[in-house]
Amino acid sequence: INESEMGLYGGDPDNFTYPRYNPDFAFVRAYDENGKPLHTDHFFKWSKEGPKEGEPLFVVGNPGRTERLKTVAQLEYARDFTSQNASYILNGLHDIYQEMMNEYPARFKEFESMFFFTGNSAKVYKYVRKGLMDPVFMARKKDFEKKFKAAVNANPELKAKYGQVWTGIENTINEMRKIGHQVSAYAINPRSSSKYFLIASDLVKLAKQLQLPESERKPAYQSDALEKTMGEIFPDSIDTPLEMKKLKLQLGFIQLNLGNDDELVKSLLDGKSLNDAVKNLKENSVVFDKEKTMDLIADGPDEILESSDPIISFIAKTTDKLKEFRTEQKEIRKTEETLSHQLGKALFAVYGTSIPPDATFTLRLSDGMMKSYQYNGTEAPTHTTFYGLYNRYYSHGKKYPWNLPERWLHPKEPIDLDTPLNFISTCDIIGGNSGSAVINKNAEVVGVAFDGNVESIPGNFIYTTEANRTVSVASQGILEILNKVA
């Protein structure tokens, strides 16, 4: 294990959980123009005592984007399209990388980073959708929207300016719903799509370019560059086990969005299960064989575009439609953005500064306090200690991802195990806040924010104090590490 993994202690299983035992912090030193450490008169002093229960705490940082001003119609679209599709793909990839680590132990490190990176996003979209599916969550949003509308309509001037905003947004969302499934299913993403779909996509691009006069083609399809482009369509090597799993995932994604009655789905699946459809395509599709692919290229662009090969045919039939849909989608988004801007103005006109605007990576202070919450049939402690860190190590058999580096097993001085390590607070944070200073009323650093618990993920849309918690490294724990371990 390398030292950086201590900042991710517990790996994917512990990610977005609490209690946590992560020394996830970093400090940088600023230097002046002469290369000397910069002396400043204004800075946050250090607290050796750390946070105290009941005292006000403040997170000072730059939270990323939130979507708390979205209308109910916009949230329902996110629930039915955006979060559903992102969750399907990301959780599918997460499972694939887990399978690859288990099935090919020699390649464990190769897939570990992809597994953890994908898992982080997969959990976000999974729990965002869970929040959007929660009837209580949606009831709160509907109740706020109802009161907001009533306040606008009760003021003749505001009603004239903003009374139609909600209807306008709902109309744009309804237009998006007409094409949302096709845009999702037809899109080819280099990060998540199977190589076999990427090969078919490159074949169709080639064919469409070859149908043009050479002077009108893109540079990669002209003169000497053309041969190189054709030669690169089929990769020199393909990670077959990985790509077959991704192919199954992609077929399932297309099926999810278009449904079993769609002609393209019927062509790809041929009435078979996903596993059998993958086997069938491997046995019969051109794009699994380099020689057959190159022969098809030699046959010319018309043969490519009119191919009965299910994967190539899918790309050929959807490429132009996808461009049309994306153009339409872009125009709808512009209208939605304009209406959302008006909604923001209406919100300020009604509520003033009592409701903050959505986060946009600008500097903010979020206030809160250390506070427990109910989870998993029990109660979360407000802070954890080094006892818990070492208990995780021993309780999990000293195995990854709960193993420890050598110097944590034999520190230069014995660690005071009852020292606070991580703590929770009701401060409202979002992605982008990682690394933010947590200060007390005396502007003393009592911790460094690094995460939220899993209950905080729907905080992108609504903040509640019941269980949404910021997780931070305590200043006492940081000092203990710097003095006795590092």
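Me: How many helices and strands does the protein chain have?
Reply: The protein chain has 17 helices and 10 strands. Both are DSSP runs, numbered from the N terminus: helices are H or I with at least four residues, strands are E with at least two. This is a predicted model, in which local features need pLDDT of at least 70, side-chain atom pairs count only at pLDDT 80 or more, and totals for chains, interfaces and linings use all residues. Residues are numbered from 1 along each chain as its sequence is written, and side-chain values use heavy atoms, leaving out hydrogens and water.

Me: What share of the protein chain counts as buried?
Reply: Buried means under 20% relative accessible area, exposed over 50%, and partly exposed in between, with a 1.4 Å probe and protein chains only. Of the 486 residues, 46% count as buried. The C-alpha atoms fill a box of roughly 75 × 70 × 55 Å along the principal axes.

Me: How do I read a helix's length, and what does α2 show?
Reply: The expected span is 1.5 Å times one less than the number of residues. Helix α2 (residues 72–103) has 32 residues, so it should span 46 Å; its end C-alpha atoms lie 44 Å apart, which agrees. There is also a kink of about 45° in α2, centred on A78. The bend at a residue is the angle between axes fitted to the seven residues ending there and the seven starting there.

Me: Which residues of α7 are buried, and what covers them?
Reply: An α-helix has 3.6 residues a turn, so residues three or four places apart point the same way. In α7, the buried residues include Y196, F197, I199, A200, L203, V204 and A207. Their cover includes α8 (223–231), α9 (240–258), α10 (263–269), α12 (290–299), α13 (301–305) and α14. The 16 residues of α7 (residues 195–210) should span 22 Å, and the end C-alpha atoms are 22 Å apart, which agrees.

Me: Which residues touch the most other members of the largest nonpolar core?
Reply: In soluble globular proteins, nonpolar side chains tend to be buried together. A nonpolar core is a set of buried Ala, Val, Leu, Ile, Met, Phe, Trp, Tyr and Cys residues joined through side-chain atoms within 4.5 Å. The largest here has 59 residues; F197, L203, L251, V287, I311 and I312 touch the most other members. Helix α14 (residues 310–351) gives the largest share, 12 residues. Apart from this core lies another, of 14 residues, among them Y9, F386, Y390 and W402.

Me: What does I312 contact?
Reply: Contact means heavy atoms within 4.5 Å. Leaving aside neighbours within four places in sequence, I312 is in contact with A200, L203, V204, V286, V287, L296, I304 and S307.

Me: Is T384 buried or exposed?
Reply: T384 counts as buried, at 4% relative accessibility. T384 is found in strand β6 (residues 383–385). A polar atom of the T384 side chain lies 2.8 Å from the backbone oxygen of R20. Beyond four places in sequence, T384 also touches Y18 and P19, among others.

Me: What is the phi of K398?
Reply: K398 has a positive phi of about 60°, although it is not a glycine. K398 is in the loop between α15 and α16. K398 is partly exposed, with a relative accessible area of 47%.

Definitions and conventions: Polar contact = N/O pair within 3.5 Å; in protein donor to acceptor, adjacent residues only side chain to side chain.
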